[in-house]
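Please look over the sequence and the model shown below before reading on. The paragraphs that follow lead from the relation between the chains to the contact they share, and then into the fold of each chain.

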Number of protein chains: 2
Amino acid sequence: MLGAMAASTIRYQQVEIPEGMIDLGLGQPQNELLPLDHVRRAASCIDRIDILQYGAEWGDGWYRVALGEYLTSVYGIAVDPEHLFATNGNSQALDMVCSVYSRPGDVVFVEDPTYFIALRTFADHHLDVRPVRVDDEGMDVEHLAELLAALRSEGRSPAFVHVIPTFQNPTGATLSAERRARLVALSEEYHFVVVADEVYHLLRYTDVPPPPPMAAFDGSGTVVSLGTFSKIFAPGLRLGWVHGVPELLAPFEDYGVVTSGGGLNPISGLIATTVMQEGWLEEYRTSLSSIYAGRVSLMDAELRAALPDDVMWTAPTGGYFFWLGLPARLDVGAVRARCLDQGVDLRVGSLFSPIGTPHPCVRLSFTFYADDDLREGVRRLARAFGGREARSG
Amino acid sequence: MLGAMAASTIRYQQVEIPEGMIDLGLGQPQNELLPLDHVRRAASCIDRIDILQYGAEWGDGWYRVALGEYLTSVYGIAVDPEHLFATNGNSQALDMVCSVYSRPGDVVFVEDPTYFIALRTFADHHLDVRPVRVDDEGMDVEHLAELLAALRSEGRSPAFVHVIPTFQNPTGATLSAERRARLVALSEEYHFVVVADEVYHLLRYTDVPPPPPMAAFDGSGTVVSLGTFSKIFAPGLRLGWVHGVPELLAPFEDYGVVTSGGGLNPISGLIATTVMQEGWLEEYRTSLSSIYAGRVSLMDAELRAALPDDVMWTAPTGGYFFWLGLPARLDVGAVRARCLDQGVDLRVGSLFSPIGTPHPCVRLSFTFYADDDLREGVRRLARAFGGREARSG
C-alpha cells in the first residue's frame, strides 16, 4: 500500500529534496534535532478536559500566563500576559494581521529583500506592497520616512509596515536601536502599525545581545510583535503569539476564524505550557543555539576557504541565514544553474524582492544539515562558484 | 494570583455563562462529555519526529489516509485520501475558501437563516453576501436558480454558494436528495463552487440516514465539502478537512499560510490518526449520538408539555438545534427579554440572517447541558413563553 501511495499525491513532509541534493537554501530545522521527547512527555500530561472545548479567543489563559513568564525571562523586559494573543504561528498571524489591520488595496511597506512567502500572504489580501531598502543595519528607516511623506502627499497612509528586525530573513541584518526608535516615532507620526516579525530574535550565537525586541515598544500602542515556537522549538506545533497592547489585539477577537472556532490551537498551547513551565524550552533553546553557533563557525570557515575572494558576506550572529553578495562578474542565475549541476541548491536574491529587484546575492542556511553535509555542500558550492582561484582564473 | 487574574482579561474558556443562567442557545458540546481519555492516550503515542517539522501542505499523509478510510466507512461512499486537504476546522477552512475562491466584492449566496458567525468571515473578505430562502427541505434551490439568472443578466456570477446541507444550523433542515442534485447541476451551469459545510452530517438520531453528503458529488468538480472533528469528537483539536477533487484543492497549496507554515495542525492530525485507527472515534461518535438522541427526546417531550400550542417545531433528527417558530402574538425580542429574567437564554432568529430578516423563531440546543439542566431550562422557558395555557389566557 505504501508503494502505491508513493506514486500518488499523498505526501508526508513539506519538503522533498531530490535524491543526492544538498539544499543549502532551505530555511528549516533539521528533523533529527527536533524535540520529540519533550513534546511526547508534555503531551502525555494532557489533563484538562476544557482544553478540548472551544477555547478563549485570546488563547488559553494558562498558555498566555506561562508565555508571559517565559518571554519576561528571555526578553529582559516585563511581558504582561494580557498583551499576548495566541496564534497558529507567524504565517497564520500575518494572515490575521492583514485581515484585521488592512483592507484590499491598502498600502503596506515591506523590506526589500524580505521573507518571500510573506509576499504571498500580502497578495492573498490584495495589498499594495511597497519596498523599503535594507542595509547592514536592517530596514533603512530614512528611506521609509521619505516614502511615507510621499504617500501622505497623495493623501494616503499605510495600513502597516512589516519588518523583520532581528537577524533578518534573508540578510541576517539586525535593526539598530536608533532605527527601532525612529521606526516607532514614524508609526506615531503617520499612524500606522509596525508589524514586527521577531521569529529569529531568540536565536543568537554571540555574547552580544541584539537590541531589545520591538515588543519592548508595545507601550507606544503602535507595535505588534509576532513570535513563534517554530524556530526555537518545533514548527509542527503551529503555535505562536502576537504581543501588543490590548487595544491593538482586541480586534483579533472579531476575526471570523477566532470568533467562530475559539482560540487558536489550544492543544499545542497546552503542550507548550508544560514545555515552558518545566524549563524544557529554555534548555532546548540554549542547546539549539549552541549547535547552530558551531555550524555558523564551521560554515563560515569552509566558505572563506573555498569561495572566491570577491564573494562577500558577514557571518550571521543569529537567525538562520548567510547572505552572500556576488561580484558583478558572477551571474546569480548562472551560478545557481551550476550549483544544481553540482548537487547543491540555494536561494537567489531576486526571490526575496516584492518588486523583482535583482539582488546580486544568494541565501544559504546551516539549520537543516549537520556538519558533514555542510562541508560537502560547500565543496559543491566552490565548484559552482569557481573556487578561490576563480577570480584570477 | 488566580484571584488577581479573575479580574483581568485572562480567560480560560470561550464561553462565560452568567452564574445561574442556563444558556440553551449555546451551540457547544458539554465539557464533561469530551473525550479526554482518548486524546491523552493518542497524544502519549506521538512517536514521529517528522510530525514536529513543517508538514506537507495538504496535511500529513497518514492523517489523510486514515481519514479517507474513516469517511469511506461512515459516508457509505469511497473517499480517496487524495481528495482530502487538512484544515484547522471549518471556521478556518471557510476563511481559506474565501481567500482562494473569491475576491473582494464577489457575490456569494448563503442560506437565510444560516450559521451567523460564517457571516463574520464573509465580511472579513469583503464579499457581497446574498440570501437564499430556506424551508423544511433546506436551501430553496429554485430560489437560488432565480437569483443566479438575475445575476447573470448583470453579467456576473457568484464566487461560491455556501450551504449547510444536513441538519442545518439553525433550522435543523436537511437538503433533499433532489435538491442536492439540482444544486450541483446549477453549479455546473453557472460555474460556481458549492461550499458545503457538512459539520453535522455525522450526528444523526434516527435510523433513517440523511441523503449522501454533498461530498458524494465531488466527481462533478464543483463541490467542496468541509468536515470537522469539532462536533463528532473535540473542538479543541481545531482539526478538519476539505473534501473535493484535487483540481479544486490544489489552489490551497498557494494560500500563503500553507505555503509558508506548511500543512495545518500536524500534531492534532497525528492524534486524530491514532483515534481513527484505533476505532476510538467511531466508538465515541456512536456513544455521543446516542446521548444526544436521548436528550432530543427528552427536550422535545418537555417542550411539548410546557410551551404554548402555537409555538411550532420539528424535533431534530440530527445536529445540534431545535428551531422554534413563534406565533405573531409573541414578539421574539420580548420573549428573549423574559427568558433572561427567568434565567434562561436562547438565540433569536434575526441573528442568523445575512440581511437582518426578522425570522420569528428562536434557536435552542441540547448539547451543552445534561438532562436536569435541560428540564429546568424548559421550565424557565415555559414561564417566559407563558406556558401551555398562555394562548387562551
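This is a predicted model: local features need pLDDT of at least 70, side-chain atom pairs count only at pLDDT 80 or more; totals for chains, interfaces and linings use all residues.

Residues are numbered from 1 along each chain as its sequence is written, chains are lettered from A and ligands numbered from 1 in the order in which they are written, and side-chain values use heavy atoms, with hydrogens and water left out.

The contact between the chains takes 79 residues from chain B and 79 residues from chain A, contact meaning heavy atoms within 4.5 Å. The same surface serves both copies, since 100% of the contact residues of chain B recur in chain A. About 6,700 Å² is buried between chain B and chain A, and carbon and sulfur atoms give 59% of that area; buried area is the accessible area (1.4 Å probe) that two parts lose on being put together, summed over both. B:Gln14, B:Leu52 and B:Tyr54 supply 12% of the area that chain B buries against chain A, more than any other three residues.

Side chains of opposite charge can pair when their charged atoms come close. Across the interface of chain B and chain A the rule finds two salt bridges, a salt bridge being a side-chain nitrogen of Lys or Arg within 4 Å of a carboxyl oxygen of Asp or Glu. The side chains of B:Arg11 and A:Glu57 meet in a salt bridge, at 3.4 Å from N to O. Between chain B and chain A, 32 residue pairs are in polar contact, both residues at pLDDT 80 or more; such a contact is a pair of N or O atoms within 3.5 Å, and within protein one must be able to donate a hydrogen and the other to accept it, with residues adjacent in sequence counting only if both atoms are side-chain atoms. Several helices of chain B each supply at least two residues of the side that touches chain A, including helix 3 (61-75) and helix 10 (266-277). Helix 9 of chain B gives the most to that side, with six residues.

Within chain B, an open sheet of eight strands has the order 2-9-8-7-6-3-4-5, with mixed pairing. Here helices (H or I, at least four residues) and strands (E, at least two) are DSSP runs, numbered from the N terminus, and two strands pair if DSSP finds at least two bridges between them. Strand 2 (84-87) and strand 5 (138-139) of chain B stand at the edges, each with a single partner strand, so one side of each is left without a neighbour in the sheet. Strand 2 of chain B runs antiparallel to strand 9 (residues 240-243) of chain B, and four bridges join them; B:Thr87 has B:Gly240 as its bridge partner in strand 9 of chain B.

Helix 4 (residues 90-101) of chain B packs on this sheet, and its direction makes about 155° with that of strand 8 of chain B. Axes are lines fitted to C-alpha atoms, for helices over the stretch in contact, and angles run from 0 to 180 degrees between N-to-C directions. Helix 6 (residues 141-153) of chain B lies across strands including strand 4 (128-135) of chain B, to which it runs at about 150°.

Two loops of chain B hold cis peptide bonds. One joins B:Asp112 and B:Pro113, with omega about 10°, and B:Pro113 is in the loop between strand 3 and helix 5 of chain B. Another joins B:Asn169 and B:Pro170, with omega about 15°, and B:Pro170 is found in the loop between strand 6 and helix 7 (177-190) of chain B.

In chain A, an open sheet of three strands has the order 10-13-12, with antiparallel pairing.
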